[in-house]
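These are my notebook entries on one protein chain. I wrote down what I looked up, entry by entry.

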Amino acid sequence: MHKRWGRGPVAHEVLGFLFAAYLRFIRRANRFVYEPADLEGFFGREAPLIVAMWHGQHLMITYAWPKSIARAAALISRNRDAGAQAVALRHLGVTPVRGSGGRPGRFRQKGGALALLKLKRELDGGATVAMTADLPKRPRIAGLGIVTLAKLTGRPIAPVAVVTSRRFDFDSWDRASLGKPFGRGAIVVGDLIRVPADADDAALEVARCAVQAALDEVHRRAYGLVGARDPGAGLRPA
C-alpha cells in the first residue's frame, strides 16, 4: 500500500512540492561562483539555449538559469519514479517535458521522438531547454538526441555543470548528487557548440563527441572550484 501511494499522483504532488522547497533552500544556503562570471548576461545574449548536462546532475540544473531566461523547459523521464521530479520542476517555474532516449529499438517506445518535437516547439517559442546528454544506463556517453535537436532548431548547446562541496552522492548508475546546505557551489558553462542544419551523420558524430568532451571539462572545472572530485568521473568505459 505504501509503495503504491508513493508512486501515485497525490504523492508526486506532495513530494514534488517538498523537493522544490528543498532545492530553493540549498540554492540560498550555498555560496556559488560562476564561470563565466557574468552568467546573467551570457544567457541573456545567447538564449534560447539547449542546456546539456550529465545524468546525475539533473537535480540541481535549475540553479544555472538566471533571471534573464524568461521561459525554461526540461526533459524528464516518463518513468513513474520521476513524477515527483516533474512536479518539482513545475514549482520551480520550469515546464517538464516527459520522455527519454534509449537504445534505437526503444526510442519511440520511451517517448523520445515525441519529446524531441516538444522540445523543438519550446525552443521555437523562445524557451531555453535542458536535457541530459547521455542515455539511460549508459553514463557519460553522449547520445545523438541532443545534437539532433540542435540541428533541427539551429540553437546552440551549452554544456553546464552545477556542483556543491557538501552533497549527497548516491550509489546509482549515474552517481547522482544532491546538494547539502552551508557549503560552496560552482556553476560552470562551457563554450557553445553549434550544429549546422545540413549536418550529415559524420558531422553529428563530431558534434556528439564535442558535447561529451565539453561536459567532461565543465564538470572537472566545477568540482575543482569546490575542492572536490567528480563522483561520476570514472563511469565511462575505457
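**Entry 1: ground rules**

I am working with a predicted model, in which local features need pLDDT of at least 70, side-chain atom pairs count only at pLDDT 80 or more, and totals for chains, interfaces and linings use all residues. Residues are numbered from 1 along each chain as its sequence is written, and side-chain values use heavy atoms, with hydrogens and water left out.

I take helices (H or I, at least four residues) and strands (E, at least two) as DSSP runs, numbered from the N terminus. I call a residue buried under 20% relative accessible area, exposed over 50% and partly exposed in between (1.4 Å probe, protein chains only). Contact means heavy atoms within 4.5 Å.

**Entry 2: the cores**

I looked up the nonpolar cores, that is, sets of buried Ala, Val, Leu, Ile, Met, Phe, Trp, Tyr and Cys residues joined through side-chain atoms within 4.5 Å. The largest one has 35 residues, and the members that touch the most others are Ile 50, Ile 146, Val 147, Leu 149, Ile 157 and Val 211. At least two residues each come from strands S2 (50-53), S3 (72-76), S5 (128-132), S8 (157-164) and S11 (183-189), and from helices H5 (112-124), H6 (145-153) and H7 (201-225). Which element gives the most to this core? H7 does, with 8 residues. I also noted a second, separate core of 33 residues, with Ile 26, Ala 64, Trp 65 and Ala 158 among them.

I then picked out Val 147. Leaving aside residues up to four places away in sequence, Val 147 touches Ile 157, Val 195, Leu 204, Ala 207, Arg 208 and Val 211.

**Entry 3: H6 against H7**

How do the axes of H6 and H7 cross? They come within 9 Å and cross at roughly 120 degrees. The axes are lines fitted to C-alpha atoms, for helices over the stretch in contact, with angles from 0 to 180 degrees between N-to-C directions. H6 and H7 are therefore oblique to each other; angles under 35 degrees count as roughly parallel, over 145 as roughly antiparallel, 65 to 115 as roughly perpendicular and the rest as oblique.

I recorded this crossing as right-handed. The term applies if the near helix is turned clockwise from the far one by less than a right angle, and left-handed if anticlockwise. From H6, Ile 146, Val 147 and Lys 151 meet Leu 204, Ala 207, Arg 208 and Val 211 of H7. By class I find 5 nonpolar, no polar and 2 charged residues in this contact. Here Ala, Val, Leu, Ile, Met, Phe, Trp, Tyr, Cys and Pro count as nonpolar, Asp, Glu, Lys and Arg as charged, and the others, Gly among them, as polar.

**Entry 4: H2 against H4**

I went on to helix H2 (residues 9-28) and helix H4 (residues 83-91), whose axes come within 7 Å and cross at roughly 55 degrees. That makes H2 oblique to H4, and their crossing is right-handed. The H2 side of the contact includes Leu 15, Phe 17 and Phe 19, and the H4 side includes Val 87 and His 91. This contact has 7 nonpolar, 5 polar and 3 charged residues.

Within H4, I list Gly 83, Ala 84, Ala 86, Val 87, Ala 88 and Leu 89 as buried. Their cover includes H2, S3 and strand S4 (95-98). After H4 comes Gly 93, with a positive phi near 85 degrees.

**Entry 5: cis bonds and positive phi**

Glu 35 and Pro 36 are joined by a cis peptide bond, with omega about 0 degrees. Pro 36 sits in the loop between strand S1 (30-35) and helix H3 (39-46). Another cis peptide bond joins Ala 47 and Pro 48, and Pro 48 is in the loop between H3 and S2.

Arg 140 is not a glycine, although its phi is positive, about 65 degrees. Arg 140 belongs to strand S7 (residues 138-142). Is Arg 140 buried or exposed? Arg 140 is buried, at a relative accessible area of 5%. Phe 182 also has a positive phi, near 65 degrees, but Phe 182 lies in the loop between strand S10 (177-179) and S11 and counts as exposed at 63% relative accessibility.

**Entry 6: two loop residues**

Gly 99 lies in the loop between S4 and H5 and is buried at 1% relative accessibility. Gly 99 and Arg 78 are 21 residues apart in sequence, with 5.0 Å from C-alpha to C-alpha. Asp 81, in the loop between S3 and H4, is partly exposed at 47%.
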